[in-house]
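Please read the following report with the structure displayed beside the text.

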Amino acid sequence: MSAGAAPLGGDDGAADRDPEPGRPPGPSDPTETGASGAAVVRADLIGTGVFVVTSVLAATVFTSSARSVAAAVAIVLFLVGIAAFLWAFANAVRRSRAEHVAVTQLYLLTGGVAPRRVRTVMLATLATQCVVGLATALARPNAPDGSPGNSLALGVLVPVFGFGLNGLWAAFHGEYRGRSPSTDKNEGHG
C-alpha cells in the first residue's frame, strides 16, 4: 500500500461508492468506517489466506496432520462466520427501523452500501473461499484408505465466514437510504 493510499475499510470511500439513483453520496468523514471497518476487511483477508494455505497444503500432501489442521481451520472459520452472521443480522434489524436495509446489501454489499474498494476485496475473498473449498474437497474425494469422504470436505463451510464478515462490515459501516414515514406501510402496526 502506498503512503497516500487509504487502508481498506478505513475511509468512507464516498467517491468510490455507487450511490442509488437520486441518493446523494455519503459523508466524507474518514472516521465513518474507522479502524473497525478496516479490521473486518483485514480479518477476512487473513482468514481467507490461512484457509487457502492450510487446505491447499492438506490436499497436496494429504497427511493426517495436514488434514487435521485444515479441518480445524475450516471449523473455526465456519463458527466465526456464524457468530459474525448473527451479530450482523441483529444490528441490521436494529438499523432497519430507520433505514432501508436489504439482505443483498448486507451480505453481498450491493446497492452502494460499501465503497468499491471494500466491496471488491470482500467479494473476492468470498469467491476465493468458495472456489478453494469446493476445489480441495473435489480434489481428494476419498480418504487415504479409499473410503468416500475426508476432512477436506469441511472447506465448503468456510464461505459462511465470508458472508458473515460481509454482513458485519455492512451492518456496522454500510450506508443505507433512510426511511421516510410516508413509505413505511407497517407504521402504526407495532
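The largest share of the lining of the largest cavity, three residues, comes from α2. The model is a predicted one, in which local features need pLDDT of at least 70, side-chain atom pairs count only at pLDDT 80 or more, and totals for chains, interfaces and linings use all residues. Residues are numbered from 1 along each chain as its sequence is written, and side-chain values use heavy atoms, with hydrogens and water left out.

A cavity is a set of points, on a 1 Å grid over the protein atoms alone, where a 1.4 Å probe fits but cannot get out; lining residues have an atom within 4 Å of a point. Its volume is the space filled by probe spheres set on the points, which are joined across faces, edges and corners. The structure holds one cavity of 30 Å³ or more, and about 30 Å³ of space lies in the largest cavity. Its lining consists of Phe-51, Ser-55, Ala-70, Ala-71, Ala-74, Ser-151, Leu-152, Leu-154 and Gly-155. Two or more lining residues are given by each of the elements α1 (34–61) and α2. Six of the lining residues are nonpolar, three are polar and none is charged; here Ala, Val, Leu, Ile, Met, Phe, Trp, Tyr, Cys and Pro count as nonpolar, Asp, Glu, Lys and Arg as charged, and the others, Gly among them, as polar.

The chain contains five helices and two strands, in the order α-α-β-α-α-α-β from the N terminus on. Helices (H or I, at least four residues) and strands (E, at least two) are DSSP runs, numbered from the N terminus. Of the 190 residues in the chain, 41% are buried. Buried means under 20% relative accessible area, exposed over 50%, and partly exposed in between, with a 1.4 Å probe and protein chains only.

Most residues other than glycine have a negative phi.

The charged end of Arg-67 sits over its ring, 4.8 Å from the centre, and Arg-140 lies over the face of Phe-62 at 4.4 Å from the ring centre. A charge sits over a ring if NZ of Lys or CZ of Arg is within 6 Å of the ring centre and within 35 degrees of the ring normal.

Aromatic pairs are rings of Phe, Tyr and Trp (its six-membered ring) whose centres lie within 6.5 Å; planes under 30 degrees apart count as stacked, over 60 as edge-to-face and the rest as tilted. The count by this rule is two aromatic pairs. One of them, between Phe-85 and Tyr-107, is stacked, with 4.2 Å from centre to centre and 10° between the planes. This pair links distant parts of the chain, 22 residues apart: Phe-85 in helix α2 (residues 64–95) and Tyr-107 in helix α3 (residues 103–108). Phe-85 is partly exposed, at 30% relative accessible area, whereas Tyr-107 is buried, at 6%.

How many salt bridges does the structure have? A salt bridge is a side-chain nitrogen of Lys or Arg within 4 Å of a carboxyl oxygen of Asp or Glu, and the count by this rule is one. Glu-99 forms a salt bridge with Arg-95, their closest N and O atoms being 2.8 Å apart. Both Glu-99 and Arg-95 are buried.

Note on methods
1 Å grid on protein atoms, 1.4 Å probe; cavity = no way out; pocket = protein on both sides within 12 Å on 5 of 7 lines; lining within 4 Å.
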